[in-house]
Amino acid sequence: MTTVRAESPVRGWLAVSAVALGIFALMTSELLPVGLLTPVGAALDVSEGAAGLMVTVPGLVAAVSAPLVTVATGRVDRRVVLAVLVGLVGAANLASSLATSFAVLLFARFLIGVSVGGFWAIAGGIALRLVPERHVPRATALIFGGVETASVLGVPLGTLLGDLSGWRVAFAAVGVLGLVSLVCLIVLLPKIPAAAPLAFADLPRVFARRAGLRLGIALTFLVVTGHFLAYTFVRPLLRAEGVDGDLVGVFLLTFGAAGICGNFVAGALVARYLQATVTGICALLGASMAILAVADVTTVTAGAVLALWGLGYGAVPMALQTWILDAAPEATEAASALYVSAFNLSIALGALVGGLAVNHAGLSSVLWLGTALAVLGAGLSIRRPSR
């Protein structure tokens with residue numbers, strides 16, 4: 001791979017910050033409808049169930065677009081690709097704010113899915129090309145801090161803005177955020193020539209040749225699916241534990257704040273203790289879900305358990321991305337594309353299987369299923385090969 005460093009260390013970190021802002025804008029865009037389903041459905045005359053497609057569609061599209069965009073733009077400067085993708089997010093959100101039908105809104109959400117998958121696949125390994133090697137874990141943690149910050153700040157603020165000024169204003173605001181991110185990427189990111197062109201055949205080839213990559217993808221499916229099996233239903237789970245409805249939002253903010261801490265804790269550990277960090281994350285996730293399943297928790301202890309859960313999950317994107325890059329250092333974009341596809345498919349799979357489990361086996365079943373997958377992940381991580 002061609003390595004392109006920024007002109008100075010400060011410039012390199014500014015470039016990393018610009019990519020983090022882009023991730024923040026994309027993830028806020030992807031998750032914003034969670035807090036706006038009811039007003040959007042009422043305005044466009046669709047049920048809340050149908051309005052949920054605003055979340056499902058970009059997730060599934062992102063899983064497909066990650067390898068497609070990476071391959072299709074194989075010869076294009078990565079700075080240009082990232083700028084186009086984040087600009088597309090800005091334009092799609094502005095279009096969403098003006099949508100007069102649900103079909104138009106879903107098409108805009110489709111475009112957001114394209115951007116999320118492509119941007120994440122390329123940005124996941126870009127720290128390697130912006131800062132010295134010894135700073136890569138911290139730079140990667142900063143980039144993926146945008147994921148957790150979107151959950152903690154972006155979505156709640158967007159939802160609040162929607163409640164105060166209308167859902168169209170909320171989408172327009174995130175659209176402006178995307179355009180601001182575009183300007184920052186253009187100004188702060190150096191030219192990053194494409195590495196060797198990537199073909200579709202390279203994806204299964206890299207997957208087949210790297211045992212560590214295969215294990216990392218398996219871990220992604222287990223951990224992310226297990227998390228979203230349960231977390232998708234965290235609101236009714238908390239209510240079942242006796243948590244007052246007015247406190248649920250506070251607990252979710254606690255989860256997100258702990259997630260930001262987990263992201264940066266993992267960034268400090270993965271360079272020297274990657275395997276132990278991933279194993280610890282799986283154990284923390286499994287323990288958190290198991291405690292909620294078996295213990296007669298109080299409001300205070302439920303909040304503490306949710307904070308532990310957030311601490312564990314907040315470390316997942318960064319730690320698993322590092323595992324993937326470490327497993328295939330000569331093919332970072334191919335490996336990242338596979339990882340992003342697995343991650344987004346796991347989100348959809350977790351929500352789908354969790355819904356079926358709740359309907360047929362009761363609410364607590366998702367906690368047991370999530371715990372089982374986390375335990376399997378811990379067992380797999382112990383078997384990490386050298387590559």
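Predicted model: local features only at pLDDT ≥ 70, side-chain atom pairs only at ≥ 80, totals over all residues.
**Entry 1**

I looked up the largest pocket and noted a volume of about 1,700 Å³. Its lining is made of 43 residues, and those closest to the centre are Leu31, Val34, Gly35, Tyr231 and Thr232. Sorting the lining residues by class, I wrote down 26 nonpolar, 13 polar and four charged.

**Entry 2: the surface patch**

On the surface I found a nonpolar patch formed by Leu349, Leu352, Val353, Leu356 and Leu369, which together have about 400 Å² of accessible area. Helix H15, residues 332-361, gives the most to this patch, with four residues.

**Entry 3: the salt bridges**

Side chains of opposite charge can pair when their charged atoms come close. I searched the whole structure for such pairs and recorded three salt bridges.

I began with arginine 78 and glutamate 333, whose side chains meet in a salt bridge at 2.9 Å, N to O. Arginine 78 lies in helix H5 (residues 78-98) and glutamate 333 in helix H15, so this pair ties together parts of the model that are 255 residues apart in sequence. I also looked up the burial of both partners, and noted that arginine 78 and glutamate 333 are buried.

I went on to arginine 205 and aspartate 202, whose side chains meet in a salt bridge at 2.5 Å, N to O. Because arginine 205 and aspartate 202 are three residues apart in helix H9 (residues 202-209), about one helical turn separates them. Arginine 205 counts as partly exposed at 35% relative accessibility, whereas aspartate 202, with a relative accessible area of 18%, is buried, since the cut-off for that class is under 20%.

The remaining entry concerns glutamate 330 and arginine 210, whose side chains meet in a salt bridge at 3.1 Å, N to O. This pair links distant parts of the chain, 120 residues apart: glutamate 330 sits in the loop between helix H14 (316-327) and H15, and arginine 210 in the loop between H9 and helix H10 (211-231). I noted glutamate 330 as partly exposed, with a relative accessible area of 48%, and arginine 210 as partly exposed, with a relative accessible area of 21%.

How values were computed: Residues numbered from 1 in each chain as written. Heavy atoms only, no water. 1 Å grid on protein atoms, 1.4 Å probe; cavity = no way out; pocket = protein on both sides within 12 Å on 5 of 7 lines; lining within 4 Å. Points joined across faces, edges and corners; volume = space filled by probe spheres on them. Nonpolar A, V, L, I, M, F, W, Y, C, P; charged D, E, K, R; others polar. Patch = residues over 30% accessible without salt bridge, like charges linked within 9 Å, V, L, I, M, F, W, Y side chains within 5 Å. Areas by Shrake-Rupley, 256 points an atom, 1.4 Å probe, with all protein chains shown as cover. Salt bridge = Lys/Arg side-chain N within 4 Å of Asp/Glu carboxyl O. Helix = DSSP H or I, 4+ residues; strand = E, 2+ residues; numbered from the N terminus. Buried < 20%, exposed > 50% of the residue type's maximum accessible area, 1.4 Å probe, protein only.
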